[in-house]
Amino acid sequence: MANQTQMQTKPLKVYQYLWRLIRFRPHYYLLDIGPYTIHFATAVIVGLIFRAYFNGLTGEGSPQLDTWSVVGWQMAQMAVSLGLLFVAVIATINLLQHSMALMIRNMIARILELPGSRALPVEKDGRPMPVGKVISTLRDDTEHLAETVIAFDDVIAALVTAVISFIIMARIHLGVTLGMFIPMVIIIYISHRLSLVARHYRQLSRAATSEVTGMIADMFNAVQAIKVANAEERIINRFRQINDRRRDAMVKDRLVLQLVNALSNSAVDIGVGFILLLAAGAMYRGQFTVGDFALFASYVWPSTQLMRRIGNLIAMYRQNGVSARRMEAIMQGAEPGAVVAHHPVYLRSDPPPLPFVTKTAEHRLELLEVRGLTCRHPAAEEQTDAGVFDISFQIPRGAFVVVTGRIGSGKTTLLKAILGLLPIEAGEVYWNGQQVTDLRHFMVPPRVAYTGQVPRLFSDTIRNNILLGLPEEQVDLGYAIKTAVLEKDLADMDYGLETMVGPRGIRLSGGQIQRTAAARMFVRNAELLVFDDLSSALDVETERLLWQRLLATAENGHRPTCLVVSHRRIALQMADRILVLQNGRITDAGTLDELLVRSVEMQALWQGEVGNNG
Amino acid sequence: MNTKKVGYRDYLNLLITYLRPQAGRVFLLAVLLLGGIGLQLVNPQLVRRFLDTAENGRSLTQLTQTAILFISIAILAQILQLLGTYLGEHIAWTATNNLRADLALHCLRLNMSFHKTHKPGELIERVDGDINSLSNFFSQLVIQLGTNLLLVIGVMGLLWLVDWRVGATISLLFLMGLFLLNRINRHLVPRWQAVRQIQSDLFGYLEEWLSGTEEIQTNGAKAFIMRQLYNLLRQRWRRTQSAMYLNLLVMGLPIFIPTLAYVAAYLWGEVLFRSSVLTVGGIYLIFYYVDLVKSPLWVIQRQVQDLQQAAASMNRIVALLAEQPDVDEGQGEMVPSGPLAVQFDHVSFYYADDKETRVLEDIHFTLLPGRVLGLLGRTGSGKTTLTRLLFRFYDPTSGVIRLGDGNGRFTNLRHFTQSSLRQRIGMVTQEVELFHASVRDNLTLFDPTIDDQHILAALNELGMTTWLANLPDGLDTRLEAGHNLSAGEAQLLALARVFLADPGLVILDEASSRLDPATEALIERAIDRLLVGRTAIIIAHRLGTVQRADEIMILGDGRILEYGDRLQLATNPNSRFAQLLRTGLETTYG
């Protein structure tokens with residue numbers, strides 16, 4: 001695992017990402033590129049109509065058409081052009097939505113696949129990437145990449161049109177044609193050089209934007225602390241500084257892009273100017289009609305579109321390098337390009353029904369064994385809480401094992417390592433004597449369930465937060481609620497189980513959040529229950545009731561096996577076995593009575609509680 | 001959040017408010033853009049002269065001179081436009097940055113009840129996503145839409161000069177186009193609004209999920225979350241598609257209208273040429289001018305689309321700005337210095353949206369300066385709400401809360417300014433909220449007036465000097481909860497924050513739970529120091545934490561069940577407190 005995340009991955013070329021996106025839904029791509037190219041190329045017909053009209057008017061040159069035929073041709077051209085445009089636009093929207101959905105799906109699937117406590121990528125400074133920054137990649141970088149595919153199609157349509165235009169013009173007057181194209185080629189070259197600069201400014205502006213998004217996320221996550229400290233204005237002053245930095249980066253970024261645009265804009269007028277300059281002699285001599293001039297002038301715009309779109313594409317393509325790298329960072333060690341690997345995105349069809357694993361004999365726990373387990377916190381060498389080392393213990397069926405120790409002794413790290421939330425460095429875990437190789441997929445319901453120190457709820461109803469997708473008719477929701485001592489709270493709420501908990505459960509009290517999380521664990525009917533300091537927001541009475549109800553189920557013959565982190569007496573007294581952790585190592589283990597006699601650390605922990613009670 | 005209809009007046013007001021400080025630049029921008037338009041209008045006249053000269057076979061030199069003049073003017077026009085872009089972007093970002101900061105400040109000042117119903121991810125989308133659309137509104141829309149409209153008007157005027165019949169027909173066609181665009185867009189706005197809404201929902205949920213990866217894994221809920229994601233993505237696709245179907249009409253018009261204009265030019269051109277009213281150059285000029293406004297019409301079309309998105313964004317921003325805190329700013333008195341007295345005078349409280357359940361019922365007590373009140377009660381008994389009322393996160397439904405000075409003078413809480421109130425009351429909660437910022441900024445909450453010596457003294461007081469010494473950049477080290485900071489250290493930092501703020505009343509909300517006894521002892525010592533010369537209200541579930549209290553209050557279902565001197569209650573065997581002490585001791589001693 002550790003090797004995998006550190007593995008040097010060779011990134012794909014940008015076009016390889018784009019190619020995989022195109023192949024994801026090729027029919028939308030074909031419906032975009034085909035009709036759009038023809039739509040754009042009908043501009044050529046307009047030039048021919050102009051020429052025939054002015055030739056007819058002046059009676060010079062050929063072909064000539066009478067005015068009503070001209071009108072007929074013009075209307076026909078419009079009908080075809082519009083019809084094809086509509087087809088192409090609808091295909092484009094589908095292509096974009098499917099591509100973006102695919103990339104978002106792949107990144108989220110990858111994040112959820114990684115060990116839960118290491119799911120977000122670690123940045124250069126060794127810290128996890130802020131959620132705001134991940135969101136900005138999910139939102140913006142996916143869009144940039146998807147839109148580049150469309151930018152390619154724009155170039156192809158313009159290219160086809162330019163080639164046809166060139167052939168028609170060269171047949172009329174090669175000299176004027178070449179004279180008109182040469183300044184345009186020079187302009188392409190300049191905009192190409194400029195787009196190299198664009199990449200640099202793009203990176204700066206993206207970084208500045210992330211700073212702003214990250215700061216907004218922090219601000220709104222810490223509203224209460226800000227209010228209490230009366231710090232609203234001070235926070236906003238800092239926010240203004242960060243915003244100013246982004247403005248400066250943004251203006252530069254946009255200016256370079258606009259310079260590229262301005263070059264191709266001026267190309268239209270300069271193109272017409274050169275036709276005027278070069279055709280002057282030919283017209284003076286009568287070799288070039290007004291109709292020819294009208295045709296040439298009408299071809300300038302589609303031709304400059306080619307330059308403009310190529311410039312635009314080059315700029316976007318370069319910026320895509322940045323986007324792709326940011327997405328790969330989130331994919332953390334997955335095979336390069338996995339972010340655009342093809343998977344169903346279920347936009348047109350329903351997603352498959354949720355799998356439900358019924359508990360069977362094969363899930364039954366007889367004995368859990370941990371041998372020589374080491375799990376280090378990455379980039380935390382200077383920390384006291386550096387991890388856990390060489391941990392070994394056993395939990396037989398039905399046992400109540402408590403892990404205790406001071407803050408930073410590694411209690412939480414130990415639980416997370418066993419659950420596969422953190423990658424382990426050494427050691428093994430055995431389930432009924434069988435070594436578990438893939439902890440994070442194995443240590444899940446119905447084998448194991450877990451409640452963390454600070455449980456997270458999602459913006460949804462209490463019912464959905466408890467079930468998290470379990471089919472209600474196949475689980476015992478009532479038992480879970482009762483065991484979690486949540487039934488009275490629910491009865492007091494107007495909407496009961498249908499109560500919306502608000503963002504992160506903020507509408508519930510701390511105790512209610514914790515007991516909802518406990519109910520979420522109990523409803524999963526797991527063989528091994530892992531509690532990380534469940535009682536931190538519960539009063540003594542409620543905690544006692546919860547343990548009583550949980551262990552009362554012993555009479556039904558399935559008393560759950562429990563692994564509990566706690567330093568509270570109520571839990572310590574219930575323990576069949578206590579593991580004392582000190583600086584990441586088990587320094588003693590036994591029953592409470594034994595430990596109180598022989599372990600100085602246990603005595604200190606126990607006395608700490610006594611001391612507080614006076 | 002109500003979504004009331006926002007009219008053009010609101011756009012205008014917002015525009016004026018944020019552009020006024022930059023009036024000089026705006027003026028310069030207008031000059032640049034008008035100059036550019038003028039040059040663009042002049043150039044086609046040169047083409048007309050060229051064609052007529054060529055047709056009459058007069059002077060080759062004159063033809064060449066005209067061509068060169070044409071090219072020079074074209075380049076000059078582009079330079080003006082580039083300068084305009086730079087200035088425009090700068091003005092737009094300055095304006096929207098100010099709006100962004102104002103909106104963020106407004107949101108921060110809204111009540112906690114607002115923040116309980118709005119996800120941080122949703123507010124990110126408002127304060128960033130929506131305002132980015134507005135930045136488009138300022139730079140692209142106002143400038144480009146304005147210049148393009150002026151260009152179109154200029155061209156129409158010149159077409160009337162060429163021939164009034166041609167001018168009339170083509171003006172009418174373009175007016176019809178703009179009218180239709182406007183009509184269609186009225187139906188399009190709500191659809192784009194729906195797209196933005198699902199967008200903000202999608203990223204709101206993603207934010208929650210990304211913060212809850214541990215829960216998702218250990219509850220085996222990955223498939224469930226993926227299913228939720230698919231549903232959101234599908235809705236986004238459907239709503240985008242629905243908006244796009246209508247949008248096709250908006251895209252078709254800029255092709256349809258110029259084509260009709262061409263047809264008019266063909267027919268009038270034939271008539272006017274045959275009757276010798278116009279030369280070939282004059283007729284070509286008509287086509288040139290139609291082409292000149294064809295592209296602006298494209299731009300106008302695109303900008304109007306953006307305007308719809310900006311309108312949708314602006315709707316939400318104006319609605320958000322219209323949200324008023326249900327607690328007023330206070331009446332301007334300053335909270336006295338020194339330890340504060342607290343008086344609850346028959347205070348009751350229930351939430352405005354739930355009048356059935358009384359959260360607090362007839363709370364009545366007085367806490368003298370320097371005294372420590374221990375607050376006990378089960379979860380949901382109203383302990384937390386009682387303390388939040390002191391910060392005026394909410395106002396009591398009935399009854400009055402007062403703060404008093406050392407001389408027994410009491411003043412209604414609502415008479416104090418909010419800021420002086422929050423300066424004089426400090427709070428430590430179990431959930432410590434940290435910023436991705438330096439240790440210094442996290443301690444002072446970005447207050448540059450607090451010097452390092454004070455900070456170091458506070459850290460020293462709390463026994464955190466060693467911790468600080470181990471940080472790579474000292475006070476400048478960036479903090480990361482759970483990464484270079486344990487829960488206990490975060491608690492100590494929160495205490496240091498309060499130390500630095502030097503309040504007269506301290507509220508400790510479950511401050512010492514979830515810590516191991518050794519760390520807790522460290523924090524207990526810190527609290528002892530903090531409480532010297534301060535009034536305090538301590539909430540705890542555990543009796544141990546309450547031992548330092550002078551007075552005890554037990555709450556149940558929002559009422560005071562028991563209130564009195566701690567020692568008296570402890571020695572009275574019939575008191576609930578004594579009973580609790582016994583069960584508590586039973587718990588610990590078995």
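Two residues are in contact if their C-beta atoms, placed from the backbone, lie within 7 Å. In this predicted model, the contact between the chains takes 149 residues from chain A and 136 residues from chain B. Helix 8 of chain B, residues 222-274, gives the most to the side of chain B that touches chain A. Its share is 27 residues. By class, this side of chain B has 60 nonpolar residues. A further 49 are polar and 27 are charged.

Chain A was examined for its overall form. The chain holds 20 helices and 10 strands. Its radius of gyration is 34 Å, whereas the globule rule gives 25 Å for 614 residues. The computed value is well over the rule, so chain A is more spread out than a compact globule. The C-alpha trace of chain A spans about 115 × 50 × 50 Å along its principal axes. Of the 614 residues in chain A, 53% count as buried. Among contacts in chain A with a separation of 6 or more, 80% are accounted for by residues 24 or more positions apart.

Chain B is divided into two domains: domain 1 covers 8-322, and domain 2 covers 341-434 + 480-589. The C-alpha centres of domain 1 and domain 2 of chain B lie 56 Å apart.

Helix 6 of chain B runs over residues 164-211. At 1.5 Å a residue, its 48 residues should span 70 Å. The end C-alpha atoms of helix 6 are 67 Å apart, which agrees with that expectation. Helix 6 of chain B also bends, by about 35° at B:His187.

Helix 5 of chain B, residues 120-162, contains B:Ile143. This isoleucine has 23 other C-beta atoms within 10 Å. The cut-off for a buried residue is 20 or more, so B:Ile143 is buried. Leaving aside neighbours within four places in sequence, B:Ile143 is in contact with B:Leu33 and B:Gly88. B:Pro21 is 122 residues from B:Ile143 in sequence. In space, the two are 17 Å apart, C-alpha to C-alpha.

Backbone geometry was then considered. In chain A, the peptide bond from A:Ser62 to A:Pro63 is cis, with omega near -5°. A:Pro63 sits in the loop between helix 4 (43-58) and helix 5 (67-113) of chain A. A cis peptide bond also joins A:Pro445 and A:Pro446, where omega is about 5°. A:Pro446 is placed in the loop between helix 12 (439-442) and strand 6 (448-451) of chain A.

B:Asp362 lies in a strand, namely strand 2 (residues 360-367) of chain B. With 14 C-beta neighbours inside 10 Å, B:Asp362 counts as partly exposed.

Technical notes
Residues are numbered from 1 along each chain as its sequence is written. Chains are lettered from A and ligands numbered from 1 in the order in which they are written. This is a predicted model: local features need pLDDT of at least 70, side-chain atom pairs count only at pLDDT 80 or more; totals for chains, interfaces and linings use all residues. Helices (H or I, at least four residues) and strands (E, at least two) are DSSP runs, numbered from the N terminus. Ala, Val, Leu, Ile, Met, Phe, Trp, Tyr, Cys and Pro count as nonpolar, Asp, Glu, Lys and Arg as charged, and the others, Gly among them, as polar. The radius of gyration is taken over C-alpha atoms; the globule rule is 2.2 Å times the number of residues to the power 0.38. A residue is buried if 20 or more other C-beta atoms lie within 10 Å of its own, exposed if 12 or fewer, and partly exposed in between; C-beta atoms are placed from the backbone. The expected span of a helix is 1.5 Å times one less than its number of residues. The bend at a residue is the angle between axes fitted to the seven residues ending there and the seven starting there. Domain bounds come from an automatic or database domain assignment.
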